[in-house]
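Hello,

Here is the structure I promised to pass on. Please open it alongside this email. My notes follow below.

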Amino acid sequence: MLQFAKRLRHKGVKITLAATKHIFKTMQDFSGSVSVETISDGYDEGGLSAAKNDDEYLARFRKVGTETLEELIKRLKNSRCALDCIVYDAFIPWSLDVAKTLGLVGAAFFTQSCAVDQIYYHVYKGDVKLPLSESEISIPGLPPLKPSDMPSFLYVHGSYPPLKDMVVNQFQSIEKADWLLFNTFHKLEEEVIDWMAKFSPVKAIGPAVPSMYLDKRIEDDREYGINVYKPITGACMEWLDKRESDSVIYVSFGSLAELGKEQMEELAWGLKLSNMYFLWIVRASEESKLPKDFAEETCEKGLILSWCPQLDVLAHNSVGCFVTHCGWNSTLEALSLGVPMVAMPQWTDQSTNAKYVMDVWKMGIRALPDENGMVSRDTICICTKHVMEGETGEEIKKNATKWKELAREAVDKGGSSDTNIEEFVSKLVHGGESSDTNVE
Ligand SMILES: O=c1ccn([C@@H]2O[C@H](COP(=O)(O)OP(=O)(O)O[C@H]3O[C@H](CO)[C@@H](O)[C@H](O)[C@H]3O)[C@@H](O)[C@H]2O)c(=O)[nH]1
């Protein structure tokens, strides 16, 4: 959303970013390029972890969030930043009620892929029944899906009920939204976007990756300007600088996924077995799951860090492959920077993203689990080799380079996402002038 805000600002729109008080405190390195205000989720000390459970958190966030968002909007009304529009995270659909109560334009911002949200939409409407009973699921605009290609909240019936409700309820009252914005781009999800756009004001505005990694039109947009953990930049980039081009496997599972101890060990030995250089991000909370002395034993070939500047890593020419959980941001970043992937989805939307990486965009391979749900060391080793070597590797690299070019084209001047953002801005402003429009 912050990246989208920067694109809007570049087109002359004033932006206020609203974060919960708790999230605001955790925003490391926030570079302050847009103004930030706070609302409350009712748990200013601790956020979600301070609540008894997800259900309680979401209910309180809805109540206190509605009140504090309304207060904020009313306060801003008499300032130079009075609002015309709320762009809200679709995970908190009650923001749309606030926008409509106060007479503002409401734009839902979806942070996952259009394909994944199309699946949730069909669950919301009742067209896809749970528990899944068919061996192949047909959804308009999507390739035929096996149950295991579906998001985990649906495939593993009964898992994380409050989160499942949250993703499905993104579509609550959606007919009242003036816009449905997606962090994707038209050529990437053409069929599903075209299907959705027949019935609703859907616009793809991504990839929401800093401009200097894509079209380079916004010179001060070199990084997200926000970090959930502190990146260890110097040691990481120095290590990569010493490696030859396309020789390093980069491994990361994002900010949330927790691998089981056994899976962590298989991954470790798989990397060792590949005999390639590897840079592995193991968050501090996951470190104890590494095999004993693994880091020391493999220090000739591997570097293990708790967090890195991922965009710079993916943009580095020594990185030849990304072993990823297929979080939507990581997937878009790998696409934008043309890095082939080995997909190891863990939960939520990641299995559907992995399906697309391998079978639709053909820029990676999915490392399949065995009958015990474990991706073995041999599988990991073989997949990384397939992606980095031989004919398959060349084909994947060619496709990755193609997607990189198409991602850049989408956000560049006159590209599909750029045109959609222009349209969004011009419709916000009566008479087509954008300079006085304010968005939160
Ligand atoms: O060392 C690291 C590792 C990651 N990142 C960044 O962290 C973000 C990770 O995002 P993502 O790939 O989307 O993974 P999660 O943090 O796990 O995201 C959650 O939210 C996403 C959006 O809803 C979902 O697609 C995922 O499945 C869900 O796990 C990316 O921008 C990375 O560049 C770093 O900067 N440094």
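Into which domains is the chain divided? There is domain 1, made of 2-217 + 413-439, and there is domain 2, made of 233-406. Please keep in mind that this is a predicted model. The C-alpha centres of the two domains are 28 Å apart. Where they meet, domain 1 contributes 30 residues to the contact and domain 2 contributes 23 residues.

The ligand

Start with the ligand. It has 20 residues around it, and Ser255, Cys308, Ser330, Glu333 and Asp349 come nearest. The side chain of Ser330 has an N or O atom 2.5 Å from an oxygen atom of the ligand. For the side chain of Gln350, the distance from an N or O atom to an oxygen atom of the ligand is 2.8 Å. The side chain of Trp307 has an N or O atom 3.4 Å from a nitrogen atom of the ligand. On its own the ligand would expose 690 Å², and the protein buries 88% of that.

Which elements give two or more residues to the shell around the ligand? They are strand 7 (248-252) and helix 13 (328-337). Helix 13 gives the most, with four residues. Sorted by class, the shell holds seven nonpolar, eleven polar and two charged residues.

Helix 13

After helix 13 comes Gly338, with a positive phi near 65°.

Gln263 sits in helix 10 (residues 261-274). Is Gln263 buried or exposed? It is buried, because its relative accessible area is 7%, and the cut-off for buried is under 20%. Beyond its neighbours within four places in sequence, Gln263 is in contact with Met344, Gly373, Met374, Val375 and Ile380.

Leu428 belongs to helix 17 (residues 416-428). Its relative accessibility is 8%, so Leu428 also counts as buried. Leu428 and Thr38 are 390 residues apart along the chain, and their C-alpha atoms are separated by 24 Å.

Backbone points to check

Two peptide bonds are cis. One runs from Leu130 to Pro131, with omega near -5°. Pro131 is in the loop between helix 5 (114-125) and helix 6 (152-155). The other runs from Gly206 to Pro207, with omega near 0°. Pro207 is in the loop between strand 6 (202-204) and helix 9 (233-241).

Lys216 lies in that loop between strand 6 and helix 9 as well. Its phi is positive, near 55°, though Lys216 is a residue other than glycine. Asp246 is not a glycine either, and it has a positive phi of about 55°. Asp246 is placed in the loop between helix 9 and strand 7. At 38% relative accessibility, Asp246 counts as partly exposed.

Best wishes

Terms used: Residues numbered from 1 in each chain as written. Predicted model: local features only at pLDDT ≥ 70, side-chain atom pairs only at ≥ 80, totals over all residues. Heavy atoms only, no water. Near = heavy atom within 4 Å. Polar contact = N/O pair within 3.5 Å; in protein donor to acceptor, adjacent residues only side chain to side chain. Areas by Shrake-Rupley, 256 points an atom, 1.4 Å probe, with all protein chains shown as cover. Nonpolar A, V, L, I, M, F, W, Y, C, P; charged D, E, K, R; others polar. Buried < 20%, exposed > 50% of the residue type's maximum accessible area, 1.4 Å probe, protein only. Domains from an automatic or database assignment. Contact = heavy atoms within 4.5 Å.
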